[in-house]
Amino acid sequence: MSTPDREAVEVFLQEAAEHLQYLREYVSVLQDAEPHHEDLERLYIAAHTLGGTSASYGFPRFSEIAGKLAHVFQYALNAPLGEDLHGPLTEFLSDGISLLETDLLEISDTGHENIEDIAAFKDRYRFAFPTEPPPLNLTNPEPSSPIPVEDSEEAAPAAPTGSYFDALPSDDEVPAEILEFFQPEAEEHLQVVSDCLISLEANNNPEEINKLFRAIHTIKGSAAQVGLKRLGAIAHRVEDLIGRMRDGEIEPSPALVDLCLESVDVLKKTLHRQWADEAEMRAGVDSLLGRVAEFSPLEPEEGDTSAAAAGTEQRSPTAEKAAASQAAASGKKLVNQIIAASAAKSVRIALARLDRMMNTVGELVINRTRMVGRVGELQKLVDTLSFSKERLQVKVAEFQEKYEFNRISASRNATPWSPASAPKPRSSAASGDNSFWSEFSELEMDRYDDVNILSRSMAEISADVNEVLSQLAGFIGRVEGDIDEFTKLAHHLQDEITAARMVPIGTLYSRLSRAVRDAAKSTNKDVAIELTGSETELDNNIIQQISDPLVHLVRNAVAHGIEHHNDRAAGKPPTGKIMLRAYHRGNHIYIEVEDDGRGIDYQRVKQSAIERGLVSVETADRLTERDMREMLFHPGFSTAPVKTELAGRGVGLDVVRANLNTLNGEIEIQSNAGQGTKFTLKVPLTLIISPALFVRCGSINFALPLAVVEEIRRLRADEIEDVGGKLLTKVRDVVTEVIRLDAYLGLPPLEPVNGFFRMVVANAGNHQIGLVVEEVLGKDEIVIKNLGEYLRRVKLFPGTTIAPDGSLILLIDLNRMVAVEPNERRPLQASASAARIFAPGSAAVARGTIPSEAIDRVEPERVVVVADDSISVRKFVGRMLEKNGYRVKLAADGLEAAELVSQHGCHLVITDLEMPRMTGYELMVQLRQSPSKRRIPVMVVTSRAGAKHRDRAMKEGASAFLTKPVQEDQLIAAVEQLIGTEAPRSAAPVA
């Protein structure tokens, strides 16, 4: 057969590329426990078509490899594949598809096949080519010299060596575009690991260990998802080591930190493929994992897996080199084709430069706001000048009426005019005398004295001022038009740069699909994923920050939500479904992750909370479903009974919420027992510029996110009701909590205007609230600026913006305002003694009409400060104490407790040991250093039950030591033993 012409080859190349792409995307269905017959049939048809068309176009070696792939799919159609065949077959199919892709590119470039790579492939997979078949040749090519074959012995399967490196799984074929997206992400997490390790060496902070664990956990999961399984396995062993550190089984030491830092170096070299050769990589990995095993021995199941992996057949160095060259050639040519196709239409730009451009747009918005403010000031000056002009005109009219016009009428009714009696008129300098005045009467010629001239001058000045005002008004109108044009240009520039930063969320969908598939395979569940809204666009920074939360959610949906096909309820299809939706609404993007599984098992959540000491058995029975959903976001919380790669490690929804909080986003959970669970994520379109509503309370202006504001209305004072310490009202028949901003922030109290308050109705934290303010100023776009390092803990104000006059306007986070537990944000209730002073009959007591003997003695209240970083524990312990007659003050950490004791005093301090900012040990040391507070007893309530923690607490001055979960009768008995049934005289004054 003659050599086919170029046009025919182009047709073949296009058709073959489509079939290869299909094979690449769907070949993984062979790994399913029960692959669908239709999927296998389509794979067979694609491979069989490739073999037939390539042979007809004169490419016999391409046809031979494609025929082998078709044979595998045909075999799978008619006979089950054993589990022991999946590994070799998966590797053979992946490498075979890669070889065909490389060969297709070679045919496209040179018109000839890549004979050397095909020979290396056949040598590597000799089990697929038991005998050397004659080449399929439908053309009549000229005789050519045979291909020289090197004399080499067949590589025997490697025996088990005990090497950690040999036990690692092999990497999948990872496309260059996936690596380009994954490497920066992994580099960022590795940098977090390095920073945490360095910080941990100086200060053993549990929060740093949790952050370190989350980062290495993310590296492990992400690496496995993209196909870098060797990197994921190394990170998994490092995660086990850090997990033991987090659980307190081993203490951080310089040697341990050195080992972890060395693991970061190994992971970076593996990530960027910087090993000189395989021997160097083997030595480095074996050394690292050997030292890791000394601190964290392999678990039995991991050990078995490693031994099995170490005993599998090893690749020969020649085949490894050939496979590497195939992957490199394929990736290089694909990238070159992509660059060549798009070079004329696009240009690459660093994301950092886009960030700088977006920040510049933000500064433009600030300057536009400042210009508007300047024009407003100029308008005020115009108004003032206009008012002054009106006053001047009135005075000129009065002056003329009184002195100029009345003079003529008065002269007509008076005696005949005499020049001697009249004011001296102005005369011409040229005349030299006033004799001509005697020739004319007053009606025949006007006479001007100083009063006349002053009157005319004032009238002219008034006319000049009026002209200036007219010109100034026109100037202001033109400036406002220019500002409007400037605003349009700034908005257009903002939209263009924002669009340049926007990427469709569909770029994440392939990663999420892979995560669902891998998780389903790991748990042996049948799960399908349904993706909608892939064209929805988000800021690239937000895409990067929500990728980890979304991966956590879909993996949780598989691990915790979807049941095994045998356990699914009647009426449900045997295959579980996960639905991922993304849609745009207003200035936010909503992402929903929904499954049709069993829903949240509230009993298991409650049991896990009790086991972890978060609540007592009595308190757990009073928890609502919403309280238990909040438990899921507690750090380290998990309902999984056993620890696996997918669940049980305590990393999950707390990470999701933390990432969303950095984006000013929200997460909502909806669950129906037996029907499934839906997580709804709400994130802004961009993080730099956002619309806001400006309000004033007293003399201070604040900004509220406009996205959560629903309406602005007036509220009568008698429409607000105090129910159990909460202010409530009804807005359109919906019970709405009222928050007075003046009382919340400690500002001067507001008074109703004409009997009405101004209230901003907003939807925050899935609740409708009404924020009472003094005045609503208007809305505008703002640029959110960070408060800086020193104010980073002021969580109520996530940022600030700059007013036209240069002052700062704080942005209020309504979600955090609602999220704070009521006991901590409720105005202080009057004490019993204070309330008694104003009780009914108090006036008679004050007048002395009731004898003092008839007045019951007021027992002083016993004040207890409870310090714990867990909201649930604070609420649990506080309610128990309040029920028994104590007055409780709550603190989120040791530093806040120390401030409460200093400001208000107390009779007893109950504290946890492990808290941010100031631990329980440090709190006790600070109290003992103060002469006024050293006599206050301190009770320690902690989950650390070891003798080491107890002895240290007693050494620092603890009066009692209880272990979580604490029982009510045990706690009350210990408190009564320390401060008695009546409150003693406190060392520090009690407020």
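**Close-up views of a predicted protein model**

**Figure 1. Overview of the protein chain.** In the protein chain, 71% of the contacts with a separation of 6 or more are accounted for by residues 24 or more positions apart; contact means heavy atoms within 4.5 Å. The model is predicted, so that local features need pLDDT of at least 70 and side-chain atom pairs count only at pLDDT 80 or more, while totals for chains, interfaces and linings use all residues. Residues are numbered from 1 along each chain as its sequence is written, and side-chain values use heavy atoms, with hydrogens and water left out. The protein chain holds 31 helices and 23 strands, which are DSSP runs numbered from the N terminus (helices H or I, at least four residues; strands E, at least two). Of its 991 residues, 40% are buried (buried: under 20% relative accessible area; exposed: over 50%; partly exposed: in between; 1.4 Å probe, protein chains only).

**Figure 2. The packing of helix H8 on helix H17.** Helix H8 (residues 206-226) packs with helix H17 (residues 540-561) at an angle of about 75°, and their axes are 12 Å apart. Axes are lines fitted to C-alpha atoms, for helices over the stretch in contact, with angles from 0 to 180 degrees between N-to-C directions. H8 and H17 are therefore roughly perpendicular to each other (under 35 degrees: roughly parallel; over 145: roughly antiparallel; 65 to 115: roughly perpendicular; the rest: oblique). From H8, the residues His-217, Thr-218, Ser-222 and Gln-225 meet Asp-548, Val-551, His-552 and Arg-555 of H17. One nonpolar, five polar and two charged residues make up this contact of H8 with H17 (nonpolar: Ala, Val, Leu, Ile, Met, Phe, Trp, Tyr, Cys and Pro; charged: Asp, Glu, Lys and Arg; polar: the others, Gly among them).

Figure 3. S2 pairs with strand S4 (residues 576-585) in the parallel sense over six bridges, and Ile-529 stands opposite Ile-578 in S4.

Figure 4. Leu-653, Asp-654, Val-655, Val-656 and Leu-660 are the buried residues of H21, and they pack against H8, H17, S6 and S7. Leu-663 lies in the loop between H21 and S6 and is buried, with a relative accessible area of 0%. Leu-663 and Ile-542 are 121 residues apart in sequence, yet their C-alpha atoms are 7.4 Å apart in space. Just after H21, Asn-664 adopts a positive phi of about 55°.

**Figure 5. The six-stranded open sheet.** Its strands follow the order S10-S14-S15-S13-S12-S11, and the pairing is mixed. At the edges stand strand S10 (709-716) and strand S11 (721-723), each with a single partner strand, so one side of each is left without a neighbour in the sheet. On average, neighbouring strands of this sheet are turned by 40° against each other, direction ignored. S13 and strand S15 (residues 767-773) are paired in the parallel sense over four bridges, with Ile-769 in S15 as the bridge partner of Glu-737.

**Figure 6. Two loop residues with positive phi.** Most residues other than glycine have a negative phi. Asp-733, although not a glycine, has a positive phi of about 65°. Asp-733 is found in the loop between strand S12 (726-731) and strand S13 (734-740), and is exposed, with a relative accessible area of 72%. Asn-754 is likewise not a glycine and has a positive phi of about 55°. The loop between helix H22 (741-745) and strand S14 (756-764) holds Asn-754, which is exposed at a relative accessible area of 73%.

**Figure 7. Strand S18 and its partners.** Strand S9 (residues 700-705) runs parallel to S18 and is joined to S18 by two bridges; Phe-702 stands opposite Leu-810. Strand S17 (residues 799-802) pairs with S18 in the antiparallel sense over four bridges, and Leu-810 is the bridge partner of Thr-800. S17 and S18 form a hairpin with five residues between them, and Gly-806 in the turn has a positive phi of about 90°.

Conventions
Two strands pair if DSSP finds at least two bridges between them.
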